[in-house]
Amino acid sequence: MISLFLRLYYEFFKVGLFAIGGGMATVPFLQEMGKSTGWFSPGELADMIAVSESTPGPIGINMATYVGYVSGVRHGGAIEGILGSVIATVAIVTAPIIIILIIAKFLEKFRENIYVNAALYGLRTASVALIAAAGISIVLFSIFQVENVYDIGKAVIDYRCFILAAAILVVTRWVPKVKEWHPIIFIAISAAIGIIFHMSV
Amino acid sequence: MKEKQEKNSQLEKEDVTLFGLFLAFAKVGVMTFGGGYAMLPIMQRELVDKRGWVKDAELMDYFAIGQCTPGVIAVNTATFTGRKLKGVIGGLVASMGVVFPSLIIISIIAALIKNFAHIQAVQDALAGIRVCVCILIFNAVFKMWKNAVVDWITLIMFILILIASLFFDASPILMVVLAAIAGIIVKGRNDADKIKYGSDTKEQVVDDIAVTSDSREVKK
């Protein structure tokens, strides 16, 4: 049990240290974590993202709490789950808090440093590329029901998913006013459509 | 007049208790749905307008730095604000405040969802939601794209990292470290050369960086 908690702390410490640019930036790291530890499946990760988006609180923190809880429960019971959620949450904020406390001392110098700016130039790109890759993996799993790019030949073609995906994309990107709506509304509508069209079958 | 105002804010700062700090940030945590940008207006209202703990410009600075340093933006901004008001302990307390509501709410949901997961309607709903989540992730990518992929070097980096992650299962940590090094080699050396060989002083180069990022916007 102790070894699980130590591992949980270590894994989430890493996510906190390397995920740059907000909530979705944690997704690629969590995906990797799911693969290497077996704590949760790609499908569970997609559900966690949905729950984290539609509950109060920063997405990154919600994800850490959720994963910590699920991993704890898998290795014990509810108490282990709660301990796991606390440990994962504390772990994901450890590195950022230390870094910010240091930066706060040299605020101006930090913003103007050439090398900091140059590193950020690379880091922003890495962050968006990693999120894009995670997004594609989740599409492969959730919509085409294959494990990775190499299995694309075995893809399950479910036209309901395509229509729903296309509709959400159009509405969230190009319909004025509606695209400003909070994501939780689109999640709720998608849930309703899922129920109406029995999308899990 | 100005001195008086400063004195006032000084007094208010002394009135801030650690518990008050915790409560204020817990409130921000509860009121934020979705995190990131959704949180900025709420922080502005709670910290700048209502309590006068920080100035608007300070908050924007904290937010901007919070975005480009590791970790959750909300927590980073909380650490900054808490430290300014109450030192290192304040930074810790403010961060704990922001994450506290998530801990409670998510633990409850995670505990309950297992009891419902086997119901047909819940599975159907989750199937629909997963499709929505895919699109939400790509919307985040589109939003970040403008500030991240700014020239052909970053475009090539984007494509390489995408391929490495999708086809070769590359570790995201390795990708992040390599990208930072690549950024320093490509851009840092350029800018450092300007200082060494150009007639520019250091300040001018810094201005330069700001100008190039502005002109990019104009080109688009």
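To get us started, how many salt bridges does the structure hold over all chains? And from there, which of the contacts belong to the interface of chain B and chain A?

Modeller: Happy to! Please keep in mind throughout that this is a predicted model. Over all chains, the structure holds 11 salt bridges. Of the interface you ask about, the rule finds two salt bridges across chain B and chain A. One of them joins R130(B) to D47(A), with 3.0 Å between the closest N and O atoms.

Which parts of chain B do the touching? The elements that give two or more residues to the side facing chain A are α2 (18-31), α4 (56-68), α5 (73-116), α6 (120-148), α7 (152-168) and α8 (172-197) of chain B. The biggest giver on that side is α6(B), with 26 residues. By residue class, the side of chain B that touches chain A divides into 64 nonpolar, 22 polar and nine charged.

Now for the extent of the interface. The size of an interface is often given as the accessible area lost when the parts come together. Here, chain B and chain A bury about 8,800 Å² between them, and 79% of that lies on carbon and sulfur atoms. The contact draws 95 residues from chain B and 98 residues from chain A.

The domain assignment gives domain 1 (2-147) and domain 2 (159-196) of chain A. Five residues from domain 1 of chain A and seven residues from domain 2 of chain A take part in the contact between them. The C-alpha centres of these two domains of chain A lie 25 Å apart. Together, domain 1 and domain 2 of chain A bury about 470 Å², 83% of it on carbon and sulfur atoms. On the domain 1 side, E53(A), S54(A) and I143(A) lose the most area to domain 2 of chain A, together 78% of what that side buries. Between domain 1 and domain 2 of chain A the rule finds zero salt bridges, and zero residue pairs in polar contact with both at pLDDT 80 or more. The residues of domain 1 of chain A that touch domain 2 of chain A comprise three nonpolar, one polar and one charged.

Lastly, let me point you to helix α1 of chain A. K14(A) forms a salt bridge with E11(A), and their closest N and O atoms are 3.8 Å apart. Because K14(A) and E11(A) are three residues apart in helix α1 of chain A, about one helical turn separates them. Aromatic rings are worth a look too: a search of the whole structure finds seven aromatic pairs over all chains. One of these is the stacked pair of Y9(A) and F13(A), 6.4 Å centre to centre with 20° between the planes. Both Y9(A) and F13(A) lie in helix α1 (residues 2-18) of chain A, four residues apart, about one turn of the helix.

How values were computed:
Residues numbered from 1 in each chain as written. Chains lettered and ligands numbered in written order. Predicted model: local features only at pLDDT ≥ 70, side-chain atom pairs only at ≥ 80, totals over all residues. Heavy atoms only, no water. Domains from an automatic or database assignment. Contact = heavy atoms within 4.5 Å. Buried area = accessible area lost by both parts, 1.4 Å probe. Salt bridge = Lys/Arg side-chain N within 4 Å of Asp/Glu carboxyl O. Polar contact = N/O pair within 3.5 Å; in protein donor to acceptor, adjacent residues only side chain to side chain. Nonpolar A, V, L, I, M, F, W, Y, C, P; charged D, E, K, R; others polar. Phe/Tyr/Trp six-rings, centres within 6.5 Å; stacked < 30°, edge-to-face > 60°.
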